[in-house]
Amino acid sequence: MISTMDTMDVKRDVSQIPDVTVFRLVGPFVLGTMFEFQAALREPGVHGVIIDLSGVTYIDSAGLGVVLGHWSHVQRGGYKFALVGMSPRVHTIFEITHTDTVLPIFATQAEAEAALAGAVAAGN
């Protein structure tokens, strides 16, 4: 059982892609820890995102909801979005919900940036 005292660190970094912010999450991504990240996604100047989940130990439906909600938001705005670095345990929830078939998921930030750069070059 995940304790409500658990925390998730949210680290913000720049991407090689213009208008894309990298968020590195560390810890359990659950109802009790999602609010700081949700607030960071809503900050002015955050448009496209790469969400690095390599430090996420567990994700529940609330965390998945944050990811899907922001993916929908960036789609409407025409911005870039990618998920990177999922452990097999975290990837399982995306497989179970079949969201792995619609969300852009990459092994590494470099792979995501290469794909997003290609989309930028193509004018998408």
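**Reading a fold, one feature at a time**

Q: How should I read a relative accessibility of 9% for Thr21: buried or exposed?
A: Thr21 counts as buried at 9%, because buried means under 20% relative accessible area. Keep in mind as we go that this is a predicted model. Thr21 sits in strand 2. Leaving out residues up to four places away in sequence, Thr21 touches Arg12, Asp13, Val46, Gly48, Val49 and Ile50.

Q: What about Phe23, buried or exposed?
A: Phe23 is buried, with a relative accessible area of 1%. It lies in strand 2. Have a look at what surrounds it: Phe23 touches, among others, Val10, Phe37, Ala40, Leu41 and Val46, not counting residues up to four places away in sequence.

Q: How far apart are the C-alpha atoms of Phe23 and Ile51?
A: They are separated by 4.9 Å, although the two residues are 28 residues apart along the chain. Ile51 is also one of the residues that Phe23 touches.

Q: Now salt bridges. How many are there in the whole structure?
A: A search turns up three. One of them joins Arg12 and Glu43, whose closest N and O atoms are 2.3 Å apart. This pair links distant parts of the chain: Arg12 is in strand 1, Glu43 is in the loop between helix 1 and strand 3, and 31 residues separate them. Arg12 counts as partly exposed at 44% relative accessibility, and Glu43 is partly exposed as well, at 35%.

Q: Which residues are linked in a network of salt bridges?
A: Asp13, Arg24 and Asp52. Let's take the pairs in turn. Asp13 pairs with Arg24, with 3.2 Å between the closest N and O atoms. Asp13 is in strand 1 and Arg24 in strand 2, so this pair ties together parts that are 11 residues apart in sequence. Arg24 also meets Asp52 in a salt bridge, 2.9 Å from N to O.

Q: Which residues of helix 2 are buried, and what covers them?
A: Start with the general idea: an α-helix has 3.6 residues a turn, so residues three or four places apart point the same way. In helix 2 the buried residues are Ala62, Gly63, Leu64, Val66, Val67, His70 and Val74. What covers them includes strand 2, helix 1, strand 3, strand 4 and helix 3.

Q: How do I describe the packing of helix 1 and helix 2?
A: Two packed helices are described by the angle between their axes and the distance between the axes. Here the axes of helix 1 and helix 2 come within 10 Å and cross at roughly 5°. That makes helix 1 roughly parallel to helix 2. Met34, Phe37, Gln38 and Leu41 of helix 1 make the contact with Ala62, Val66 and His70 of helix 2.

Q: Which residues other than glycine have a positive phi here?
A: The background is that most residues other than glycine have a negative phi. Asp19 has a positive one, near 60°, and so does His98, at about 60°. Asp19 belongs to the loop between strand 1 and strand 2, while His98 is in the loop between helix 3 and strand 5.

Q: And are Asp19 and His98 buried or exposed?
A: Asp19 counts as exposed at 57% relative accessibility. His98 counts as exposed too, at 55%.

Note on methods:
Residues are numbered from 1 along each chain as its sequence is written. This is a predicted model: local features need pLDDT of at least 70, side-chain atom pairs count only at pLDDT 80 or more; totals for chains, interfaces and linings use all residues. Side-chain values use heavy atoms; hydrogens and water are left out. Buried means under 20% relative accessible area, exposed over 50%, partly exposed in between (1.4 Å probe, protein chains only). Helices (H or I, at least four residues) and strands (E, at least two) are DSSP runs, numbered from the N terminus. Contact means heavy atoms within 4.5 Å. A salt bridge is a side-chain nitrogen of Lys or Arg within 4 Å of a carboxyl oxygen of Asp or Glu. Axes are lines fitted to C-alpha atoms, for helices over the stretch in contact, and angles run from 0 to 180 degrees between N-to-C directions. Angles under 35 degrees count as roughly parallel, over 145 as roughly antiparallel, 65 to 115 as roughly perpendicular and the rest as oblique.
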